[in-house]
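Hi there,

Here is the structure I promised to pass on. Have a look at it first, and then read my notes below.

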Amino acid sequence: MSQTKQFQAESKRMLDLMIHSIYTHKEIFLRELISNASDAIDKRYYQALQADGTGGGLTRESFEIALKIDKTARTLTVTDNGCGMNAAELESNLGTIARSGSLQFKQEIGNAEEIDVIGQFGVGFYAAFMVADEITVESRKIGEEDAWRWHSEGAEGFTVAPCEKADVGTVIRLRIKENTEQEQYDEFLEPYRLRELVKRYSDYIRYPIRADMPGSRPKPLPEDAPEDAQPEWETYTERQTLNSMTPLWRKNKNEITEEDYNGFYREAFHDYEPPLRIVHAATEGDITYQALLFLPAKPPANYYSKEFEKGLTLYSNGVMIMERCKDLLPDCFSFVRGIVDTQDLSLNISREMLQHDRQLKRIAANIEKKLKAELKSLLEEEREKYHALYKSFGLNLKYALYAILSQSYGMQREDALAAFLEFTSTARETPVTFAEYIAAMPEGQEYIYYASGESAAQIKRLPQCERLTEKGWEILCLTDDVDEFLFRILREIEGKELRAVADAGEELESEEEKTALESAKENAKTLLAACKEALEGKVAEVTLTTRLKTHPVCLGTQGGVSLEMERVLQSQPGAEGAPPLKAERVLEINANHPILQKLTAIQEDADTLKRYALLLYNQALLIEGFPVEDAVEFSNAICSLMV
Ligand code: ADP
Ligand code: MG
């Protein structure tokens, strides 16, 4: 019996972690063993090609990774015909954690919370101890006659002893743990479960992963069987290749049909509607990666909920290392699904390190550029498709844009993103972009106008809009909560100021009108002051305006908070209790409306004036789409006029 050797100190700690792991994704052990097998085959194949350029008779087809289950013995065996290991290599490769890519991981395991990384990123060979209480590795190295058996039952250590093995390669036999009350290990002895795991994590390993799969089929009926005879069923096993080997994204674009893409999309992302757009990108050079991106037709059901996680599936050389890797996708494009495969990323990289990985950052930047270009061409060439996409994702785009701008206090411009926004407008049936709006601006119009409200129909009827639409100036209708906040921080597009219709005024008035207005205000000074007093606590100002045409009054604001913003802010969860952010209301009375004469006529009668002022203020609120402040008071005021 050979002498038991100790694992190197750090390995032992790692092993302890594995053995007692409470991690739920124990299944990743299989991915780790398979990718080691694949690496070993790569090495052998490469060496063979190096030796004589022909591979010494070896071709890709000479290799395989085999899985075998023995339920009675509770063993799962992973066999490869790769480069193999000799005694020294078995000892150092499997006895020392520093050998493996797990080194980086080791530095983080001091913290128990980091155990989570195990599942996401794997820790190599030792992951097998999550599911096995005994591991035997038999290996014969290429070019050597002797074979060796490495054996371990866990943290106590391991032995290495000679053994018999006819072929070059490695056999790893796991004795799967017994089920406990908390944990089921039997699943790793089920062929279908293994197939599932191979599909999930190792589908694009370049060598076939094979196993005997059970099936059942009807027995052929004897010739003389009666017409209505039911066939008997028999069980059989069939050797199957479990992985599809070549990833779709590594194939040549012209070899891939649309159905291939759609089928892949359907399977990978469980979306039965074909994607609106497919982006298949490969970059060679100093960053090597392939990306296959899909713009879905509809957002997933939980898209606008907290549960939704954005991200692309990240593969390293065909091995899935992370689902929903969020660092690969900017927030504005969180609706995009897809995969990225890069050649030079370690399987064992941790979440933290991934975030700082320069290679990954550059891939992410590339992807963002590609997506922008794709959306732009969709917008310019296939407007209807674009509109369909926008309906699902536009809101997210606006929030993301707002977040970028507000984080930089409006210093950072993101006009490329703003160009993707669509709005309804008072002037047309179909949605309009900023560029289209600007292109349609008539002579004399300087600003991009907008108004907030419930709907385009309601906005169209706002008193403030009347003179603008009369001039043929288009008004963008803002109907989402985020819109006005976004517009305030965007400030301008292509040098054109974004202007709320409530702020329009001067540009609508001729010089004469301006002078007339000034003198009207002067004349009505006492009246306006009296109205303001009557509306004490409700409005900050009462003034005259000429920007209304037929309407008697409208409600404007001064300062940074508009009525719409006040409404949105107050409806935010958690807004109760917080000091209310109020819009400073300004009641504007139409200087050319008979109501002004009426008010002037009764201004000596303080009670009546107060009632009139209150009525006008409430009317203005109603027109803006807000409830009156005191419905009973309002109704009484009307009644007193009627009787
Ligand atoms: P990593 O794969 O990141 O190096 P692992 O813990 O998975 O770390 O494996 C440790 C080392 O053991 C590998 O680097 C390799 O040298 C060796 N090894 C593991 N499995 C095999 C195998 N099936 N054939 C040959 N060598 C192997
Ligand atoms: Mg490995």
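**Salt bridges and a surface patch**

Let's start with Lys 525 and Glu 522, whose side chains meet in a salt bridge (3.9 Å, N to O). Lys 525 is exposed, as its relative accessible area is 52%. Keep in mind that this is a predicted model.

Why do such pairs form at all? Side chains of opposite charge can pair when their charged atoms come close.

How many salt bridges turn up in the whole structure? The search finds 49. Some of them share partners, and one network joins Glu 27, Glu 187, Arg 193, Glu 196, Arg 200 and Glu 323.

Now for a pair I liked: the side chains of Lys 26 and Glu 183 form a salt bridge at 3.3 Å, N to O. Lys 26 sits in the loop between α1 and α2, and Glu 183 in the loop between β6 and α6, so the pair ties together parts that are 157 residues apart in sequence.

Glu 91 and Lys 5 make another salt bridge (3.0 Å, N to O). Glu 91 belongs to helix α3 and Lys 5 to the segment before α1, so here the linked parts are 86 residues apart in sequence. Both are partly exposed: Glu 91 has a relative accessible area of 31%, and Lys 5 has 27%.

Ile 638 itself is partly exposed, at 33% relative accessibility.

Cheers

Key: Residues are numbered from 1 along each chain as its sequence is written. Chains are lettered from A and ligands numbered from 1 in the order in which they are written. This is a predicted model: local features need pLDDT of at least 70, side-chain atom pairs count only at pLDDT 80 or more; totals for chains, interfaces and linings use all residues. Side-chain values use heavy atoms; hydrogens and water are left out. Buried means under 20% relative accessible area, exposed over 50%, partly exposed in between (1.4 Å probe, protein chains only). A salt bridge is a side-chain nitrogen of Lys or Arg within 4 Å of a carboxyl oxygen of Asp or Glu. Helices (H or I, at least four residues) and strands (E, at least two) are DSSP runs, numbered from the N terminus.
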